[in-house]
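Let us read some features of a fold together, one question at a time.

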Amino acid sequence: MIDVSLAKDANNVVLETKNNKLVFEVEQGQTAKLLYLGLKSEMNIQASPNYTKTEIYPAFGIQNNMQHAIQVTHVDGNMSLELIVEKTEVLKDGDTETLIIYSKDKVYPFYVKSFYKSYPKADVFETWTEIQHAEKGNVVVYKAFSAYLNVPSGKQQLLKLYGPFIHESYVYEFPLNYGITQLTNKEGVRNTQSDNPAFMISYDGAFNENAGQVLGGALAYTGNFKIIFDRRSNATVDVVAGYNEEASHYILNAREVFSTPKLLYSYTADGGKGQITRNFHKWALNYNGIYGAKKANDILLNSWEGVYFGVNQENMSAMMKDFSDLGGELFVMDDGWFGDKYPRNDGSSSLGDWVTAKSKLPQGIDGLIKESKKYNIKFGIWIEPEMINTKSELFEKHPEWVIQQSNRETVKGRGKTQMTLDLSNPKVQDFVFKVVDDLMTNYPQIAYIKWDANHYMSNYGSTYLPANKQSHLYLEYHRGFESVLKRIRLKYPDLVMQSCASGGGRITYGHLRYFDEYWTSDNTDAFHRIFIQNGISHFYPVKGMAAHVSATENHQTKRVIPIKFRFDVAMSGRLGMEMKPSDLTQEEKEFAKSAIATYRNIRELVQYGNLYRGLSPDVNNGLTSLSYIADDKSDAVFFAYNPRKLHGETLAPFKIHGLNLNKSYKVYEINYKGTKPNYAEQVVSGEVLSRVGIYLPFLNNSEYSSIILKIEEVK
Ligand code: DGJ
């Protein structure tokens, strides 16, 4: 039966958000089609360039001249599918609606459920698929993507994020030429020190921040992914997105349900990439796309770059005290605290042995928690629970828990001893859950966990999975990983968790539904951070963007950058520090203290405001501007960074978009160094700020100049 609650006429079903709609043709006995993705106000969709009329889930076998979303081999060896609609159903939950299209193969008892969910407030749609069969035997699934989309126009450009270790999430924009362009990852564990599974497509040539027709997409998956853009004609580009099917064919038992990851996507007819960014952020903050969305994140100090593996009671205690004196709220003890038989002194031992190293911390975690109470600061801890070193008690007990091929020598990672635990094994899942559960049961005062993962999946193979299901490991690993995270969230809903994997190796909406924040990079150089933060902000909410002030000279790049610039960059994310505060000069300490106090006043705006990017560092030699604006546009904060002095040049005025054009605003500088601001307070109209801009010539007086302005409506 075709559910008519979303039907506009006999065969067309319409799913709407605030501004947009998806229109489907669903007729019993026919293949379901997506007719249109575009503006809700379009009355005559057939006359629109956004009218595409493509199958919702093209299958391999009959028509083989296009990208396919699904490919299977039936029990009898037949390799084709011909999916026709059986019925539709509509589910409502709050303001969201989910359309389910039930299709069945014309010949075989093979079933596909296609889900389309609308998130009206954010202008976001979500699509995923469930497949099942009742054949007599096992069907092999060679490919089952989350979604297929078709993007019209002819001049499409792609925006993607790419970057390896300490260079994560840089933005790349380029034309989608004929043939295939692909975003992918095949590391098995961390999945964003490569491409990120998020993209934007501009329909009409080069991207514009504040204008133009754009489709944005983000795959919510923690594992290997593949997103293919295939231009086969002058006009349209096919997009298929889902888990990476390479080395992952799946033996599907009769009646077992195979679910794909979810693809989120958002369309704007004229808002440019800025609007897509704000839609994703709004979705994450309003529909639990990021965990703990309603609670602003604390200002924290992480011990890693302060002492690295050299953790001990004295230095932890000193950092807590010093950070508390600066006004900090949370202290996080990073790597180096654990291992009884093998204390962790470098990367070559102890992963798996999650007990305190008594030689380093004679009073254990209790002693640290006592200190944190004394200094009135919350306490958090680092773990890497999916990993193991061969030099560990865990490896002595359970060598079979490791991802491995028992008949080959193993390739190991960090410290030449690191390997990955086999999360397809329920016993390993229980172990990983227990790492967190034991910590939280023994030390319920732990407020925060940084969850790291520093290896990929070498030596592909599982001692748990049977021989004919070895190809399930990539998928089963992530089912296991998510199942552990779900158990943790059920039992510890208030625990704040950060997702980290060798820096920014785990930033996707697959992770963020369990994690409150993400570590963007082990590169803490404020110059690089401008680019990295700019990149990741395109899709992921600033509330979760851990941004830490570190020492100068910077440990990764040796660059020397003044304290104000370092703070101004970190304050446009979730502010933190990652150094020994005792290494600051007295003057720097005073600045740090006042910057932390200032951040408290702008935290809500930064973490929850609407992001309007101004100048992009990518095209301006690092010169950058951005603003966060409250929903009612009465309050905003503006950041500008000029890392390079432009000799013999004058800076053009900085335009500030997104404010109310008809209102007046008081604009004044905050977080300045010394007694006098560089920018004298002014009242400026929203229209002038947006169309003309403001002059900040002093930002070109020296290298690493920066400014933060507060903007408040004059009522
Ligand atoms: C990699 C992370 O990205 C760092 O921040 C730090 O936690 C180290 N691991 C610790 O080993």
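Q: In which sense do β14 and strand β17 (residues 225-231) pair, and over how many bridges?

A: Strands of a sheet pair through backbone hydrogen bonds, either parallel or antiparallel. Here β14 and β17 pair in the antiparallel sense over seven bridges. Two strands count as paired if DSSP finds at least two bridges between them. Within β17, Phe229 is the bridge partner of Thr181.

Q: Before we go on, what kind of model is this, and how are residues numbered?

A: This is a predicted model, where local features need pLDDT of at least 70, side-chain atom pairs count only at pLDDT 80 or more, and totals for chains, interfaces and linings use all residues. Residues are numbered from 1 along each chain as its sequence is written, and side-chain values use heavy atoms, with hydrogens and water left out.

Q: Which strands make the closed barrel?

A: The barrel has eight strands, running β22-β23-β24-β27-β28-β29-β30-β31 with parallel pairing. Its neighbouring strands are turned by 30° against each other on average, direction ignored. Let us look at one pair in it. Strand β29 (residues 517-519) and strand β30 (residues 545-550) run parallel and are joined by two bridges, and Tyr518 stands opposite Met545 in β30. Helix α9 (residues 526-536) lies across β29 and β30, at about 175° to β30. Axes are lines fitted to C-alpha atoms, for helices over the stretch in contact, and angles run from 0 to 180 degrees between N-to-C directions.

Q: How do I read two packed helices, and at what angle do α10 and α11 pack?

A: Two packed helices are described by the angle between their axes and the distance between the axes. Helix α10 (residues 563-570) packs with helix α11 (residues 586-608) at an angle of about 20°, and their axes are 10 Å apart. That makes α10 roughly parallel to α11, a label for angles under 35 degrees. In this contact (heavy atoms within 4.5 Å), Ile563, Lys564, Arg566 and Phe567 of α10 meet Glu588, Phe591, Ala592, Ala595 and Ile596 of α11. By class, there are six nonpolar, no polar and three charged residues. Ala, Val, Leu, Ile, Met, Phe, Trp, Tyr, Cys and Pro count as nonpolar, Asp, Glu, Lys and Arg as charged, and the others, Gly among them, as polar.

Q: What about aromatic rings: how far apart are the centres of Tyr203 and Tyr267?

A: A pair of aromatic rings is described by the distance of the centres and the angle of the planes. Rings of Phe, Tyr and Trp (its six-membered ring) pair if their centres lie within 6.5 Å; planes under 30 degrees apart count as stacked, over 60 as edge-to-face and the rest as tilted. By this rule there are 34 aromatic pairs. The ring centres of Tyr203 and Tyr267 are 5.8 Å apart and the planes are at 70°, so this pair is edge-to-face. Tyr203 lies in the loop between β15 (195-202) and β16 (214-220) and Tyr267 in strand β21 (residues 262-268), so the pair ties together parts 64 residues apart in sequence.

Methods
Helices (H or I, at least four residues) and strands (E, at least two) are DSSP runs, numbered from the N terminus. Angles under 35 degrees count as roughly parallel, over 145 as roughly antiparallel, 65 to 115 as roughly perpendicular and the rest as oblique.
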